[in-house]
Amino acid sequence: MGHLAASGGERGLMSRRGWIILGTAAALLPLFALLAWAAVQQQGQPPGTGINAQFGEVRVSESRAADFALELADGNTLRLSDLRGSVVMVDFWASWCGPCRQEAATLNRIYAAYSDAPVEFVGVNLWDTPDAAEVFLVEFGVAYPTGVDTGGGIALEYGVRGIPEKFFIDADGTIRRKYVGPMPEDVLRGTLDELLSEAPAQGG
C-alpha cells in the first residue's frame with residue numbers, strides 16, 4: 001500500500017523538531033564563529049600546543065642555548081649569539097594569547113628598569129598573523145627586540161609547547177631557567193638579579 005500520509009499530530013511533532021534543530025544551530029553559531037576566528041589567528045599552530053594560563057617553573061638541564069636569527073619588526077635581523085655577555089630573556093608569545101597580554105606591561109616596565117644593566121629581552125612571536133602582531137606591539141608599546149618565528153623553527157628547537165614560555169640565558173649563553181605562564185614581577189626581577197650576580201664583571 002506504500003507509506004501512509006503523516007497525521008496532523010505527526011506533522012506537528014516534525015515541525016517542533018525542526019524548530020528545535022534550528023534553535024540549537026543558531027545557539028551554536030557564536031561558538032562556530034569563535035572557533036573560526038581562533039583558527040585564523042593561530043595560523044600554523046602545531047597540534048598539542050596551547051595557552052599557559054598558570055605560572056610555573058619548568059626544570060631544564062643547563063645547556064647551550066641554540067643560536068637563531070630572528071627578523072625583527074623594524075626589518076633588522078637579530079642573532080642570539082650577538083647578545084653573548086648579557087643576560088637574555090627569550091619570550092615566546094602571540095597577540096591572541098590572554099596571558100601574554102596580561103603580562104605585557106610588566107615586561108615593558110622591567111625591561112626599562114634594567115636598561116643600564118647587561119640585560120636583553122627578545123620577543124619571539126608564534127602562530128600569529130603579521131598584522132595582529134604589529135597591532136599588539138603598538139598597543140602595548142613593546143620596546144625590546146621582537147620578531148616573528150615564521151616557520152616555527154625557533155619554537156621547535158626550544159621545545160615550546162604553549163605560550164607564553166620564557167627562557168633565561170646567562171652571560172655565557174647557557175639556558176638557566178624556563179618559566180611558563182604570565183610571570184610575576186618579583187620572580188622576573190629575582191631571576192634577572194640572580195643571573196646578573198653570576199655574570200663576569202664588564203671589562204674584567
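**View 1. The disulfide between C97 and C100.** A disulfide, meaning a pair of cysteine sulfur atoms within 2.5 Å, joins C97 to C100 with an S to S distance of 2.5 Å. The link of C97 and C100 is right-handed, with 80 degrees about the S-S bond, and the structure holds 1 disulfide. Both C97 and C100 are buried, that is, under 20% relative accessible area with a 1.4 Å probe and protein chains only, where exposed is over 50% and partly exposed lies in between. The model is predicted, so local features need pLDDT of at least 70 and side-chain atom pairs count only at pLDDT 80 or more, while totals for chains, interfaces and linings use all residues. Residues are numbered from 1 along each chain as its sequence is written, and side-chain values use heavy atoms, with hydrogens and water left out.

**View 2. Helix 2 and its bend at A104.** Helix 2 covers residues 98–113, helices (H or I, at least four residues) and strands (E, at least two) being DSSP runs numbered from the N terminus. Helix 2 bends by about 40 degrees at A104, the bend being the angle between axes fitted to the seven residues ending there and the seven starting there. Among the buried residues of helix 2 are C100, E103, A104 and L107.

**View 3. K166 and its partner E103.** K166 lies in strand 10 (residues 165–169) and counts as buried because its relative accessibility is 0%. The side chain of K166 makes a polar contact with the side chain of E103 at 2.5 Å; such a contact is a pair of N or O atoms within 3.5 Å, where, within protein, one must be able to donate a hydrogen and the other to accept it, and residues adjacent in sequence count only if both atoms are side-chain atoms.

Conventions. Expected span 1.5 Å × (residues − 1).
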